[in-house]
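Hi everyone, thanks for making time.

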Amino acid sequence: MKLASLKGGRDGRLVVVSKNLAWCADASHIVSTLQGAIDDWERFRPLLEKLAEDLEHRAIPRERFHEREAASPLPRAYQWADGSAYVNHVELVRRARGAELPDSFWEDPLMYQGGSDGFLAPRDPIPLADESWGCDMEAEIVVVTDDVPQGVSAADALDHIILVGLTNDVSLRNLIPAELGKGFGFVQSKPASAMSPVFVTPDELGDLWQGGKLNRPLNVDYNGQPFGRAEAGEEMTFDMGTLVAHLAKTRDLSAGTIIGSGTVSNRDPDNSPGRPVADGGKGYSCIAEQRMIETIRDGKPSTEFMHHGDTVRIWMDDGEGHSIFGAIEQEVKPPASR
């Protein structure tokens, strides 16, 4: 089942979306918002699944689904926490500044608490007031949970994942060092993220979803050119169940919690840090990673962070050319005047 929220009000209008992303059907007679559905998932899921089945069979009124009219499936959420499941990415960050990677990083996930009071729609611009802040995209996998009990095991946590999607976790790289230097984490350096137009239930993914890993390339185009084709299921040190369990170690998680995988990252087959797509590699899911490799290779980075007018497109297909979640398509722009 594929679910989306069309723009309207703070929390959007819930619709079920056809498998080919061409059509949608209003779900407001069942439940008006996705958060409302998640709050009582056992009750509403079968009703929404029946609506989705009727949509596929053209047995109910339908309307064209336009991704540009979609908000984030959850325009705001009770919780957004982002992990770092791809230790290759963390290792590159530390290597570029000459720091060793602690052994514990292979056993204990990194995670930070992000802002969840508002997510950008998938076609909203990235508002950037100052280009010197070092704006970067980060293409990631996200999952949404139902109510998760404190102390849940990684294996049992998989049963609490009810939706899967994508995010562009925007970072302001040049603000990060000063914030981390205070020893208290990200705030200003992590503005609003954008979510994919559609979130899907794990069963909809079939064999692509195994053991809490999504086994398809995550595609990133930057200014219209291929930038990243990293395999999301490869070199994922911590599966999504492990990340859910990590967050729930000392507390319950509320239904509607969103957890990110961190930047999807691959090494080359020869164990080198990775190459650009143009050079036959799998590329990168963020600009920072390309800059890290340039620093390791040349002593300094040559690729600039994003400027006003730059564009990014993030999507994933099913292996037959069909988009699974729709596409995040954004342009960096100055903030709208208020």
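**Rings, a strand and a glycine**

Let's start with Phe186, which counts as partly exposed because its relative accessibility is 26%. Quick note on the words: buried means under 20% relative accessible area, exposed means over 50%, and partly exposed is in between, using a 1.4 Å probe and protein chains only. Before I go on, this is a predicted model, where local features need pLDDT of at least 70 and side-chain atom pairs count only at pLDDT 80 or more, while totals for chains, interfaces and linings use all residues. Also, residues are numbered from 1 along each chain as its sequence is written, and side-chain values use heavy atoms, with hydrogens and water left out.

So what lies over the face of Phe186? That's Lys190, at 5.7 Å from the ring centre. The rule here is that NZ of Lys or CZ of Arg is within 6 Å of the ring centre and within 35 degrees of the ring normal. Arg313 does this too, over the face of Trp315, at 4.4 Å from the ring centre.

Now ring against ring. Rings of Phe, Tyr and Trp (its six-membered ring) pair if their centres lie within 6.5 Å; planes under 30 degrees apart are stacked, over 60 edge-to-face, and the rest tilted. The model has 4 aromatic pairs by that rule. In one of them, Tyr112 and Phe186 have ring centres 4.9 Å apart and planes at 75 degrees, so they sit edge-to-face. Tyr112 is in strand 6 and Phe186 is in the loop between helix 5 (176-181) and strand 12 (194-195), so this pair ties together parts 74 residues apart in sequence. Helices (H or I, at least four residues) and strands (E, at least two) are DSSP runs, numbered from the N terminus. Tyr112 itself counts as buried, at 16% relative accessibility.

Strands pair if DSSP finds at least two bridges between them. Strand 5 also pairs with strand 18 (residues 257-260), this time parallel, over 4 bridges. Find Ala81: opposite it are Gln113 in strand 6 and Ile259 in strand 18. In strand 5 (residues 79-83), 5 of its 5 residues are buried.

Last stop, Gly134: is it buried or exposed? Buried, because its relative accessible area is 1%. Gly134 is found in the loop between strand 7 (126-127) and strand 8 (135-136). Beyond neighbours within four places in sequence, its contacts (heavy atoms within 4.5 Å) include Arg173 and Phe305.
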